[in-house]
Every structure is written in C-alpha cells, then in structure tokens.
Amino acid sequence: MTRRAASPEAVATRGAVASCLSDLDAGRRVLVACSGGPDSIALAAATSWFAARQSLEAVAVVID
C-alpha cells in the first residue's frame, strides 16, 4: 500500500488542532463534536491523527 502526501488543507487543519491541543498531557481524552458534515469530519480526522501521535484519546460525538 502506497502512502500519499496529505493535502495542504489537511496539513493546515492538523496544525490548527495541534496548536489547540499541544499543552495536554498524555492519556487525556479529547472530545470532538461533529455534525456529520465535511468540515466536522475533517476536524475529527485531524484530531484523531494528532491524538495518536501524542498519546491522547480522541472521541467523536456526532449530533445529527
């Protein structure tokens, strides 16, 4: 399986999430509220990506 580079938008979203969550200690839980739209899903994906690298627990709460 070949990995492809993240889009500039994904990189920017990950950076925004990192700037908001970088001061959390490992093991903390982060909740992401989502409406199910593409912007919410992008936020949840970026949070999941960051959390996996910082030993955080990411949880999505989807409200339709």
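## Cysteines and disulfides

The sulfur of Cys34 lies 15 Å from the closest cysteine sulfur, that of Cys20, which is too far for a bond. A disulfide is here a pair of cysteine sulfur atoms within 2.5 Å, and a search of the whole structure finds 0 of them. Cys20 accordingly is in no disulfide, the nearest cysteine sulfur being that of Cys34 at 15 Å.

The two residues are described by relative accessible area, for which buried means under 20%, exposed over 50% and partly exposed in between, with a 1.4 Å probe and protein chains only. Cys34 is buried at 5%, whereas Cys20 is exposed at 59%.

## Basis of the model

The model is predicted: local features need pLDDT of at least 70, side-chain atom pairs count only at pLDDT 80 or more, and totals for chains, interfaces and linings use all residues. Residues are numbered from 1 along each chain as its sequence is written, and side-chain values use heavy atoms, with hydrogens and water left out.

## Ser40 in helix 2

Ser40 is found in helix 2; helices (H or I, at least four residues) and strands (E, at least two) are DSSP runs, numbered from the N terminus. Ser40 is buried, with a relative accessibility of 10%. Apart from its neighbours within four places in sequence, Ser40 is in contact with Cys34 and Ser35, where contact means heavy atoms within 4.5 Å.

## Backbone at Ser55

Ser55 belongs to the loop between helix 2 (38-54) and strand 2 (57-62). Its phi is near 55°, a positive value in a residue other than glycine. Most residues other than glycine have a negative phi.
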